[in-house]
Amino acid sequence: MVKLDYKHRQAGHCESGVTSNLLNYYHFQISEPMVFGIGAGLFFSHLPFLKMQHAPTTSFRVWPGMVFNRSTRALGITTINHRFRNPKDAMNRLNEVLDQGIPVGLQVGTFHLPFFPPEYRMHYNMHNMVVYGYDKETYFVSDTLMEPVVEINYDDLARVRFAKGPFAPQGRMYYPVKIPAEVDFKPAIIKGIRKTANNMIGVPFPLIGVKGIRYLSGKMRQWERKLGPDKASYYLGQVLRMEEEVGTAGAGFRFIYGAFLNEAADVLNQSWLREISFEMGENANKWREFSYLGSRNCKKRGKPEQSYDFLADMLLEVADREEKIFRKLAKIN
Amino acid sequence: MKESIDKSEHPDDVPGYCYNRELFYGFDKERGFTRELSYQNQSNQVIIRQSWDALEKRLEQVQEAARSGNVSPIVYYMEKMLMELPMLSAYMGLNRLLVRWHMTPAGFRRLKPPMLERYARLFEITVEELKKPGFMNK
């Protein structure tokens with residue numbers, strides 16, 4: 001039996017929370033927003049041709065695994081990443097690593113997670129959690145979404161690690177192995193901000209970043225006419241679910257990113273970043289308002305301030321705000 | 001954010017998901033960025049519910065189609081497990097075209113017991129239930 005002295009802390013976003021908790025286990029103090037910012041987690045894309053649960057995909061973050069990989073690399077931390085072909089190897093390797101006294105981050109699918117709230121049970125393969133010990137067939141799990149620490153048995157764990165479908169985890173496990181004694185946050189933060197700014201305003205493709213928000217706004221105006229009221233409201237609901245539901249800490253990660261900018265202002269000693277972080281906070285509140293009015297629309301309360309045109313205008317406003325913010329952030333040095 | 005947003009009137013809402021608190025970040029001008037544990041707010045509950053309502057609607061349609069002999073029960077159970085064709089074929093380790101064939105009543109009738117067993121295990125039901133789902137008798 002192995003049970004490490006791992007401190008479970010809840011987090012807004014599963015992957016940055018897991019990364020921050022894993023690093024904190026080695027007494028490397030780093031907060032969740034910091035990981036998210038350095039890992040350049042903020043993103044936007046709307047892909048109407050890629051359907052998830054019968055509706056177009058809207059994403060507010062980068063691909064899974066990127067936040068962990070980018071943030072640790074930028075900080076000079078050596079990590080190990082594994083993928084496996086068959087469940088048995090994956091589980092054996094997990095046990096070996098735990099025996100060495102290392103807590104392990106896992107990418108899993110959420111559908112068969114027994115402790116997960118039933119409301120969230122869908123085939124979402126980008127969830128992350130930490131296993132910090134085992135006793136024969138029982139594994140001790142710290143899931144940043146859940147309030148208490150939880151347990152899972154061998155079969156279930158093997159199953160969720162080999163969930164199928166888009167972004168299949170393939171038993172992916174990861175953990176830091178070597179943390180340098182002296183870490184300079186400054187270059188890492190600057191690099192992370194530049195990367196995010198580039199993702200949001202520098203990609204010459206209309207479905208990504210600020211342009212993606214405008215594109216979604218344009219699409220939204222057509223939904224009711226093209227798809228009929230039911231499907232339109234379902235599509236809108238899907239956007240809102242991606243924005244608010246699982247592990248975004250609200251407003252599609254905009255709050256978390258604002259908190260990161262706020263922290264970065266202290267570390268870099270640049271007070272203009274604090275002003276921008278407040279702008280980001282205002283912007284996040286705007287997103288919140290959007291999701292609030294949108295959800296009223298989903299309940300079919302036909303007021304003019306909940307119509308698709310109104311919501312689309314709101315998105316345009318948000319896009320303008322974000323463009324302004326990232327134009328300023330891109331000039332950081 | 002306006003104050004009225006938090007204290008919205010949702011008299012007809014049954015509270016849905018409220019047994020696990022999550023961490024939320026927030027912002028206002030006086031306090032700056034905040035972190036707090038709370039349940040999903042009402043407007044989020046609405047959109048969470050919406051997806052489950054949509055699923056139920058889809059299931060009813062599929063039941064109707066299965067009863068009238070247009071599709072096989074596999075389609076029903078696939079929808080019930082929130083799967084789509086590519087995912088089902090990945091879980092079964094079968095070609096998509098083959099799975100699509102099994103989704104037709106003719107293809108389903110010709111399924112051999114071992115294959116039925118595999119589908120049943122994936123859907124977490126018995127072979128009997130797979131062959132004759134409860135809603136077929138209505």
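**Briefing on a predicted two-chain model**

In strand β3(A), A:T58 stands opposite A:H46. The model is a predicted one, in which local features need pLDDT of at least 70 and side-chain atom pairs count only at pLDDT 80 or more, while totals for chains, interfaces and linings use all residues. Residues are numbered from 1 along each chain as its sequence is written, and chains are lettered from A in the order in which they are written.

**Hairpin of chain A**
- Strands β2 (residues 42-52) and β3 (residues 55-61) of chain A pair in the antiparallel sense over 6 bridges (pairing requires at least two DSSP bridges; strands are DSSP E runs of at least two residues, and helices are H or I runs of at least four).
- The two strands form a hairpin with 2 residues between them, and A:Q53 in the turn has a positive phi of about 50°.

**Helix α5 of chain A**
- Buried residues in α5(A) (154-161) are A:L157, A:V160 and A:R161 (buried means 20 or more other C-beta atoms within 10 Å of the residue's own, with C-beta atoms placed from the backbone).
- These residues lie on the same side of α5(A) because they cover an arc of only 100° around the axis (the arc of the directions from the helix axis to the C-beta atoms).
- Their cover includes α4 (87-99), β5 (104-108), β7 (138-142) and β8 (150-153) of chain A.

**Contact between the chains**
- In chain B, 28 residues are in contact with 36 residues of chain A (C-beta atoms, placed from the backbone, within 7 Å).
- The largest share of chain B's side, 8 residues, comes from α2(B).

Note on methods:
Contact = placed C-beta atoms within 7 Å. Buried ≥ 20, exposed ≤ 12 C-beta atoms within 10 Å, placed from the backbone.
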